[in-house]
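I opened my notebook to look through one structure, step by step. I wanted to write down what I found at each stop.

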Amino acid sequence: MTKLYINGIEVEIEQGASLLEAAQQLGIEIPTLCFHPGLSAYGACRLCVVELGDGRLVSACTYPAQEGLRVRTHSPRVRRARRMLIELLLSICPSSKRLQDLAAEHQVERVRFAVRDERCILCGLCVRMCAEQMMAHAIGFVNRGYRRRITTPFDLRSDACRRCGGCLYICPVCEVRCQGVGAPSAVCGSCTPPAPTCPPVYEDLACYMGATGECGTCVRGPRTPDSHSPTVAGRREKV
Amino acid sequence: MKIRTLEQLMALEQELCAARDRKPCVRVCGGTGCRARGSEDVLARFQTQLREVGWAEAVDLKFTGCHGLCERGPLVSLTSPEVFYQGVEADDVPAIVAETLVRGVVIERLLAHDPMTGQRVRREQELPFYRRQQRVVLRFNGVIDPTDIREYIALGGYRTLGVVLTRLTPEEVIEIIERSGLRGRGGAGFPTGKKWRLARAAPGARKYVICNGDEGDPGAFMDRSVLEGNPHSVIEGMIIGAYAVGATRGIIYVREEYPLAVRTLQIALAQAREYGFLGEAIFDSAFSFDLEIVRGAGAFVAGEETALIAAVEGRVSEPRQRPPYPVQRGVWGYPTVINNVETWANIPIILERGPEWFARLGTATSKGTKIFSLVGKVANTGLVEIPMGMTLRDLVEEIGGGALPPREIKAVQIGGPSGGCLPKALFDLPIDYESLTEAGAMMGSGGLIVMDDRTCMVDVARYFMDFLRDESCGKCLPCREGTHRMYELLTAMCEGRATDADLELLEELAQVVKETSLCGLGQTAPNPVLTTLRYFRSEYEAHIRQKRCPAGVCKALIRYVINAERCTGCVACVQPCPQQAISGQLKQPHLIDPERCIKCGICHEVCQFGAVEIV
């Protein structure tokens, strides 16, 4: 067990745990974006920065708890840094509900940068979801720096992608990204809530992404009761 | 030939050393700068010319590493008579052979000038450029042929390794390095002995040592010159380090962009294996060690140690959180010591001459010497090695020879893109880790760019931000988006579109990027902005409030006009103008059409009378 102090409160946590887990144990809320308990910690969005005793700001999700460490989760420096990070995030994804909520919570009231609507904050959740939970490794990062983006190898639709929709499920910002059937992007082109449409028709396919539209079920929407093919009632129609 | 004992090595050393002194020696600089200026042709000409006069066997002709004074290359130095020629062309070679080598007559026109006295000088040491330097790591650069291990052995090379392996315990080696006060030369300045001690104590089935040769700063060529000029000093240092920490494998990580360094290293490694300095049971001890080269494919961020580990393992070079530090969990999860090229090259000489000797060089906290690549608007560009604690003024004005008249030096950018711009007012600052960090810059790996009064500091900050937004790996938000946004703000300033609020935002953003970024690249990326804001704020304000670029660099804010009183109507500027924007007749003042002018500045350069003015 490791003993440390968060905001002056003593906490004991098992060896190897992160500062974020230690804070959670105390019920202290630290905002996160690129962190998901089912995936490996990545430390990319930096929203979870906390201040250490020596004045450094480190990401709580990746920093290991160490004996005697003193951590401040909401110091003025931390809050100022978080506000700037949220402002940067909003400037690239202004229409994300999740980011707007974060902005409201942290009193970020304006975006002073020129807005570019990119609908991706490169948090890498989808890449880790695809690799770690779906074992597919179908998508990844390409390029570096300001040219970095997420795609499949060579921007081609990948055989490794099973159209599971895990990437869309986990994405914190692209709720409005739906590009519909035949989307130009090689990464799952749409943002439909991933509830399967096809199993009632083809049990072995689960083709509610990518190959959509081939059988037509999902595209045509609910059938009339006298139709020979069964459908799922109450489905959102998408064309 | 395998060397098994120290006695065997000493015998070989004496034999080689004696053979070496018998012949006059001609050393042609084979550093990258001199090669670019044609030193390979000079070498070839020497070979044919010496054959012609029948002296091919009598003269020891060597193609060495960088001599240092790259500005005046190709450089050739002779031992008998002792003379140093600069700016040698292939056509000068017959004269050098016939006059200097055969008859012992010095060719005046090829000698270097002492800028202080205006006299021509015969020896390197008589030039202030060399006189003020203290060449410790570079002591054999320009002296030995890097492709021949016997040259290194003749000067005492690998003797230290033999002594270490046969007479010292690993703990003693670590203690010596700790006592010497050596700190990492890659930039951060972590004490090397402490790093080794941590690695030795770290549990692991095997351990690695790595040489970080991913030198990527614009204008920097220190590590490259050491690897190209004296690869065995790095290899010997690594073997000693491996023995001290208990490593069995080593990796030299070199940039793919340094083909000459890679080739020199390949030759050196093969020769070191042949002589038994690498491999099983080195010097008949129980210690076995081998090295391999990993070539990095062009990412600046791979110089960050955790990103370097990722690159070595075959992954994309992206940094990760430290701790765990590489000495705890490095390559493939094993404890790993990563040191810079220059740090490794310091190891053999510290053990040879003792930690007390080393600790006497430099200042209280920064020991030894530091290599800098001196570039930019300075008279003597080149590779220099100085004792720590020398002032910036001595380095720039005495060794560097000051600005090129009529310009004046305004600032230096020290420490690469992550370093800072220090103004002339701070030139009395001693060069050591603490002073530079306090001033907002950093030692970095040793890039030093000199800027004159025709350099716009806002434009400089913008240049470095453009470099960094491209070289950021893009993993963490503040570095990826922050550098890009800073670049946008700086561009707006350079184009006269910015407001006071933008300046405030830039400062605020720079601070957050510095504080919250994941790795060293992001944490130091705002330094060019923060230091220029600190020391050259008035230039920012001129760009924003008066829409004026004081240095006359930012194209959107300047105009070229012809001063009718000065213009003699010589039409020299009319023809070179790519836009045909200059009109005028012979002996009549000319006129620039601002609609057509693209502000390329050619007219300004060609005008002999200073009539083209920047307003």
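My entries on this structure follow.

**Entry 1: confidence**

I noted that this is a predicted model. I looked up the confidence of chain A, and its average pLDDT is 80. A score of at least 70 is reached by 72% of the residues. Residues 189–197 of chain A have a pLDDT below 50. Beyond near neighbours in sequence, the model still gives this stretch 26 contacts. Residues 206–213 of chain A also stay under 50. For them I found 27 contacts beyond four places in sequence.

**Entry 2: chain A in outline**

I asked how many helices and strands chain A has. It has six helices and seven strands. I wrote down their order from the N terminus as β-β-α-β-β-β-α-α-α-β-β-α-α. Chain A has 239 residues, and 37% of them are buried. I also looked at contacts in chain A between residues at least 6 apart in sequence. Of these, 49% join residues at least 24 apart.

**Entry 3: where the chains meet**

Next I looked at chain A against chain B. I found 25 residues of chain A in contact with 26 residues of chain B. Which elements give two or more residues to the chain A side? They are β4 (57–59) and α2 (76–92) of chain A. The most comes from α2(A), with seven residues. I sorted the residues on this side of chain A by kind: 16 are nonpolar, four are polar and five are charged.

**Entry 4: the cores**

I turned to the nonpolar cores. In soluble globular proteins, nonpolar side chains tend to be buried together. The largest nonpolar core here has 233 residues. A:Leu89, B:Ile239 and B:Val412 have the most contacts inside it.

I followed up A:Leu89. Leaving aside neighbours within four places in sequence, A:Leu89 is in contact with A:Leu99, A:Ile121 and B:Leu477.

**Entry 5: domains of chain B**

I listed the domains of chain B. They are domain 1 (20–128), domain 2 (149–358), domain 3 (369–452), domain 4 (457–545) and domain 5 (559–615). I looked up one distance, taken over C-alpha atoms. The centres of domain 3 and domain 5 of chain B are separated by 36 Å.

**Entry 6: two helices of chain B**

I took helix α10 (residues 222–229) of chain B. Eight of its eight residues are buried, so α10(B) is largely enclosed by the rest of the structure. I saw that the buried residues include B:Asp223, B:Arg224 and B:Glu228, as well as B:Val226 and B:Leu227.

Then I took α23 (residues 537–545) of chain B. Its buried residues are B:Glu539, B:Tyr540, B:His543 and B:Ile544. Why do they lie on the same side of α23(B)? They cover an arc of only 130° around the axis, and that puts them on the same side. The face turned away from the buried side carries the exposed residues B:Ser538 and B:Arg545. I checked what the buried residues of α23(B) pack against: α18 (457–471), α19 (477–494), α20 (500–516) and α22 (527–535) of chain B. After α23(B) comes B:Lys547, with a positive phi near 50°.

**Entry 7: backbone angles**

Most residues other than glycine have a negative phi, and most peptide bonds are trans. I looked for exceptions.

A:His137 has a positive phi near 50° and is not a glycine. I placed A:His137 in the loop between α4 (125–133) and β6 (140–142) of chain A. A:His137 counts as partly exposed because it has 14 C-beta neighbours inside 10 Å.

B:Phe283 is not a glycine either, and its phi is positive, about 55°. I found B:Phe283 in the loop between α12 (259–274) and β9 (290–296) of chain B. Is B:Phe283 buried or exposed? B:Phe283 is buried, because 21 other C-beta atoms lie within 10 Å.

I noted cis peptide bonds too. The bond from B:Gly73 to B:Pro74 is cis, with omega near -10°. B:Pro74 sits in the loop between β2 (60–64) and β3 (76–79) of chain B. The bond from B:Ser80 to B:Pro81 is cis, with omega near 0°. B:Pro81 sits in the loop between β3 and β4 (82–85) of chain B.

Note on methods: Residues numbered from 1 in each chain as written. Chains lettered and ligands numbered in written order. Core = buried A, V, L, I, M, F, W, Y, C linked by C-beta atoms within 7 Å. Buried ≥ 20, exposed ≤ 12 C-beta atoms within 10 Å, placed from the backbone. Contact = placed C-beta atoms within 7 Å. Helix = DSSP H or I, 4+ residues; strand = E, 2+ residues; numbered from the N terminus. Nonpolar A, V, L, I, M, F, W, Y, C, P; charged D, E, K, R; others polar. Arc of directions from axis to C-beta. Domains from an automatic or database assignment. pLDDT = per-residue confidence, 0-100.
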